[in-house]
Amino acid sequence: MDAAGAAGGEPFVNYAAEILVYLNSLGLEGRSAQDRIDFIVPDLISLLPPPFVPAPYDYCSSSDSDDGHFSLISSESDDSDADADADWPAAQDDGQDHISRLADDLLSNIISRLPTNEAARTMVLSTRWRFVWAATPLLVDDAHLRAANEFHEMSAFCAVRAVSRCVAAHPGPVRAVRITRLYFYQQEYALQRLVAGLAAKNVQDLILFNRPWSLDMPLPDDILSCAYLTRLYIGIWRWPFLDTTAHPPAFPNLQELGLFHTIIEDKGVDALLAQCPKLKIFSFVMAFNCPSRLCVKSRSLRVVVEWRCSFVEVIIDDAPCLERLLLESFGDRRPIKIVHAPRLEILGFLDLQLHALEIGGTVIRVTASCNFCVLHLAFITGLCDEIIFSPINLPQWQVGMNVSACAMLPSVKILAVKVRFWNDMEAKMLPTLLRCFPFLETLHVMSIRSRSPDTVDDMDFWKSLASCDCLDSHLKTFVIHGVQGRKHEAWFTRHILKNGKVLKSYGILYSDGDDAKVERRPMSCTVGEGNAPSGGSNDKYVFAHPAFPCWSFQNAIDLSLEDPFYVLGRVMARIDLVVGETTH
């Protein structure tokens with residue numbers, strides 16, 4: 001297949017060369033650029049959804065042992081299981097094949113739970129089993145074949161042909177295909193035949209990875225013929241289809257799409273989303289430079305995930321059904337622009353050092369280079385004005401600042417933020433950020449570790465800080481991850497506990513390696529203003545919980561989780577908030 005693909009040119013011709021130059025410039029001894037790319041691939045695969053059926057070596061202690069394999073006719077038990085089975089009456093071994101007497105749908109269910117190679121072997125049991133296997137939707141996983149040593153000593157060409165023959169030999173539909181271990185380099189024709197065969201068999205679930213080399217290998221055109229796909233994950237490919245608007249939707253049933261280290265032009269993303277009218281979950285993982293920006297226009301998307309990508313900007317242009325925008329970013333600073341997402345409920349992790357949040361033309365960010373806080377106001381005329389606040393006048397500005405309605409996201413209920421409390425400006429940006437989310441119910445704050453000392457101990461700033469809408473009537477849960485004992489950290493926590501009028505839960509997750517020991521029994525303590533008068537009225541309290549992190553790529557794309565960031569444990573303390581005047 002032509003390297004330029006359907007693009008009509010060579011927009012990606014230098015991409016692989018740039019990656020090679022970068023990897024070779026790292027100065028890591030003993031590894032070539034290809035070795036370093038190969039080192040990344042297992043990390044990519046580890047983020048994928050789990051296989052429908054684990055490979056035999058995943059649940060057996062030895063690939064040569066049959067102890068852990070499903071047995072169709074054996075009713076014997078191992079000696080190690082004798083105690084567990086002692087309470088059950090011994091089965092009568094009458095020599096009859098009772099399993100084959102089960103209904104066809106039950107036998108089909110059994111076959112669907114077997115590894116690919118073992119499912120095919122059921123054909124030799126009887127004619128009936130042969131027909132049941134043929135009617136069972138096929139599940140193909142190249143890990144199953146490798147576990148059975150079928151790919152041992154095989155060339156890349158023979159391995160790809162073996163998978164193609166597996167698909168072609170099955171007369172029925174294909175339920176799911178998971179290919180993460182094959183090398184398609186210089187196997188373009190075999191790849192084209194494989195994808196064409198999957199499209200003809202109405203494949204529904206496809207995970208297709210290319211073990212490098214080459215980094216910019218294009219996907220075959222037949223991928224657009226897989227109209228029955230409901231889930232698609234592709235990795236280490238080039239998406240060459242830049243303009244498919246003249247064709248009917250290529251993926252009319254696709255609901256989940258993941259692009260892992262996939263090269264695709266900016267306009268290719270628009271064209272791809274236009275081909276997925278029912279898409280709900282869209283994720284980009286480890287995309288470097290291409291695309292340079294992520295612009296989301298979709299009438300159906302509910303979840304967008306950016307995971308370790310180097311986008312120059314992320315724009316939610318038109319996503320009326322979007323509920324979650326989840327970010328695990330690294331690299332240079334980038335704007336996060338939210339133009340139209342009226343149902344957005346979960347946002348994070350916003351990194352105050354990496355992200356500049358733009359809502360309705362208003363950008364709030366910390367300018368690290370000059371240690372100033374910058375507020376950009378974009379007017380209808382398209383001209384931009386900016387007001388730079390120095391550390392001297394920042395407290396007065398923040399205390400009296402009113403955020404306009406166009407700069408708010410009233411739909412957001414859960415917000416997660418990464419902040420460096422040792423940085424004076426980042427810490428003081430948190431209260432301003434909260435004003436943009438008037439109906440916020442859960443706030444997660446990750447305190448980034450550093451050995452740097454606190455830049456400023458500005459207690460007066462936090463004492464004079466006014467409350468905001470979400471603290472007055474909506475915030476119910478506050479979770480802080482990585483408690484380090486920073487002064488700003490303590491004052492911000494005090495501000496939330498003091499002003500959160502409906503706050504009920506306070507989650508604490510200490511940094512890794514902390515020596516702090518938390519007593520698990522229920523207890524109570526007080527948090528008040530200075531030395532509150534004894535006998536003051538304790539008309540407010542919150543429950544303290546240990547917090548457990550659950551932030552991962554798989555949880556980010558899981559719509560069944562109410563909160564993808566952290567889980568609160570059982571109550572370990574009750575904190576009584578003493579209301580009283582400060583005394584000195």
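Is Arg299 buried or exposed in this predicted model? At 58% relative accessibility, Arg299 counts as exposed, because the cut-off for that word is over 50%. The legends below begin with this residue.

**View 1. Arg299 and Asp318 form a salt bridge.** The closest N and O atoms of the two side chains are 3.2 Å apart. The pair links distant parts of the chain, 19 residues apart. Asp318 belongs to strand S9, whereas Arg299 sits in the loop between S7 and strand S8 (303–307). Asp318 is partly exposed, with a relative accessible area of 24%.

**View 2. Glu323 and Arg302 meet through their side chains in a salt bridge.** The N to O distance is 3.1 Å. Glu323 lies in the loop between S9 and strand S10 (324–328), and Arg302 in the loop between S7 and S8, so this pair ties together parts that are 21 residues apart in sequence. Glu323 has a relative accessible area of 21% and is partly exposed. Arg302 is also partly exposed, with a value of 27%.

**View 3. A salt bridge joins the side chains of Glu313 and Arg293.** Here the distance from N to O is 3.0 Å. Glu313 is in strand S9 (residues 313–318) and Arg293 is in strand S7 (residues 293–297), so the contact ties together parts that are 20 residues apart in sequence. Glu313 is buried, its relative accessible area being 15%. Arg293, at 27% relative accessibility, counts as partly exposed. Why does Glu313 count as buried? Its relative accessible area is 15%, and buried means under 20%.

**View 4. Arg293, Glu313 and Lys337 belong to one network.** Salt bridges that share partners join these residues. Side chains of opposite charge can pair when their charged atoms come close. How many salt bridges are counted in the model? The count comes to eleven.

**View 5. Helix H9 covers residues 188–200.** The helix has 13 residues and reaches 18 Å from its first C-alpha to its last. This is close to the 18 Å expected at 1.5 Å a residue. Which residues of H9 are buried? They are Ala190, Leu191, Leu194, Val195, Leu198 and Ala199. After H9 comes Asn202, which has a positive phi, near 60 degrees.

Note on methods
Residues are numbered from 1 along each chain as its sequence is written. This is a predicted model: local features need pLDDT of at least 70, side-chain atom pairs count only at pLDDT 80 or more; totals for chains, interfaces and linings use all residues. Side-chain values use heavy atoms; hydrogens and water are left out. Helices (H or I, at least four residues) and strands (E, at least two) are DSSP runs, numbered from the N terminus. The expected span of a helix is 1.5 Å times one less than its number of residues. Buried means under 20% relative accessible area, exposed over 50%, partly exposed in between (1.4 Å probe, protein chains only). A salt bridge is a side-chain nitrogen of Lys or Arg within 4 Å of a carboxyl oxygen of Asp or Glu.
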